[in-house]
Amino acid sequence: MKLRVVVLGAGFGGLELSTVLSEAIGDRLELTLIDKNDSFAFGFSKLDVMFGHEQPENVRLHYRHIAKPGVSFRQEAVTAIDPAAKRVKTDKATYDADVLVIALGADYDFDATPGLIEGGNEFYTFGGAKRLAQVLANFKKGRVVIGVSGTPFKCPPAPSETALMLHDFLTKRGVRRDCEITLAMPFAVPIPPSPETSKAILAAFAERGITFVPKKTVVSIDAGQHIVKFDDNSTLPYDLYMGVPKHCVPAVVAASGLTEEGWVVPSTKNLKTKFPGVYAVGDVTRIGPPKAGFFAEGAAKVAAASILADLQGGKAPAPFDGAGTCYIEFGGGRVGRVDVNFLSGPTPTGRYFEPSTALVAEKKHFGSSRRARWFGLK
Ligand SMILES: Cc1cc2nc3c(=O)[nH]c(=O)nc-3n(C[C@H](O)[C@H](O)[C@H](O)COP(=O)(O)OP(=O)(O)OC[C@H]3O[C@@H](n4cnc5c(N)ncnc54)[C@H](O)[C@@H]3O)c2cc1C
């Protein structure tokens with residue numbers, strides 16, 4: 001009998017977990033990988049699309065390329081999850097699993113920020129990034145406010161990267177002097193676990209005349225008056241607003257009974273949920289580490305090791321350490337890096353690596369190595 005694994009979501013977590021299981025037990029595996037989309041793209045490609053460095057069609061990695069022993073991909077939308085029965089319904093079929101893995105990522109609650117869609121622009125979806133690419137191409141003068149509608153949000157460095165990349169974009173177009181850039185964030189500093197990284201980003205902002213406004217969460221946008229309103233009742237006028245929407249679990253996960261205070265909370269030891277045989281990895285969870293690809297992948301490795309240990313009667317894997325790397329676009333053709341560890345010590349720690357062109361190559365390799373590993377593409 002083959003092990004029937006159903007993996008919901010083919011992002012960082014689902015792709016890595018499917019790859020590890022296929023490599024280990026491909027001949028004894030019947031793994032169904034389900035995603036509503038036909039392709040995957042790295043989160044950072046949204047910034048590349050927004051600033052015109054990439055065309056949207058060039059950043060997509062199509063799931064039809066997946067050819068792994070024991071793995072079948074299905075492009076279907078998950079409509080119901082019964083974790084107690086390990087049964088899943090999609091818009092096309094019903095699946096029963098021996099092991100069920102929830103890797104559906106984080107969704108966005110646009111309604112939580114009134115005015116965000118009418119009065120501003122979000123850059124956390126590909127649709128939003130594409131729209132902003134057009135808006136930015138015609139933006140010549142005025143104040144840009146970059147804001148965040150709540151924590152947790154994906155890739156905490158992304159709003160800072162956006163401010164630095166926007167500076168380059170406007171400078172290249174010869175309009176930087178006529179524009180102001182303000183970044184408002186819920187955090188006291190750009191990267192709370194790494195004071196050194198935060199210091200370097202704040203220095204880069206100061207050099208470029210970018211204003212950093214700490215400890216402010218956006219609650220609404222007044223589209224008529226062009227005003228951003230924050231959680232402390234303060235306001236900022238804007239000519240162009242670029243926002244990170246409030247995050248939430250996908251509706252199908254919220255309805256499944258798997259969440260606690262809005263997120264799935266599996267054990268950090270093995271990523272098992274309270275339902276036997278049901279695992280959760282990546283952005284759909286809240287267990288300490290930030291919502292970023294590296295951490296979703298790390299959790300997926302531990303979950304896969306735990307599935308194999310249960311199957312083969314082996315030793316339980318080492319717990320998830322919440323360690324990972326984030327590359328940070330500093331502009332000027334340089335990338336910085338911070339290695340963070342969220343679960344090994346009493347408080348999160350971070351180690352900073354200065355921006356360089358060598359790190360540009362390393363970030364490129366981060367993408368190309370996953371492209372090869374998950375999709376078999378050069
Ligand atoms: C602007 C931006 C920049 C970023 N930069 C970086 C970066 O530089 N480095 C980094 O590590 N991370 C970065 N990230 C974060 C990274 O993209 C995510 O943290 C990562 O993709 C999470 O992986 P995941 O597997 O948990 O979820 P995802 O990769 O989001 O995958 C979830 C999958 O589930 C599918 N899905 C959801 N609901 C359903 C449903 N009902 N039915 C079927 N399928 C469904 C989705 O289509 C999706 O493919 C960035 C994110 C953004 C928005």
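Gly 313 follows helix 8 and has a positive phi, near 70 degrees. The model is predicted. Helix 8 itself covers residues 293-312. Two hairpins also carry a residue with positive phi: His 226 in one, Asn 233 in the other.

**Helix 8**
- The helix has 20 residues.
- From first C-alpha to last, helix 8 reaches 28 Å, close to the 28 Å expected at 1.5 Å a residue.
- Gly 313, with its phi near 70 degrees, comes after the helix.

- Three strands make up an open sheet, ordered 6-7-8, with antiparallel pairing.
- Strand 6 (78-82) and strand 8 (94-96) are the edges, each pairing on one side only.
- Neighbouring strands here are turned by 15 degrees against each other on average, direction ignored.
- Strand 6 and strand 7 (residues 87-90) run antiparallel and are joined by four bridges.
- Within this pair, Thr 90 of strand 7 stands opposite Val 78.

**Hairpin of strands 15 and 16**
- Strand 15 (residues 218-222) is joined to strand 16 (residues 227-230) by four bridges, and the two run antiparallel.
- Lys 229 in strand 16 is the bridge partner of Ser 220.
- Four residues lie between the strands, and His 226 takes a positive phi near 60 degrees.

**Hairpin of strands 16 and 17**
- Strand 16 pairs with strand 17 (residues 235-237) over three bridges, in the antiparallel sense.
- Val 228 has Leu 236 in strand 17 as its bridge partner.
- This hairpin has four residues between its strands, and Asn 233 takes a positive phi near 75 degrees.

Definitions and conventions. Residues numbered from 1 in each chain as written. Predicted model: local features only at pLDDT ≥ 70, side-chain atom pairs only at ≥ 80, totals over all residues. Pairing = 2+ DSSP bridges. Axes fitted to C-alpha atoms, helices over the stretch in contact; angles between N-to-C directions. Expected span 1.5 Å × (residues − 1).
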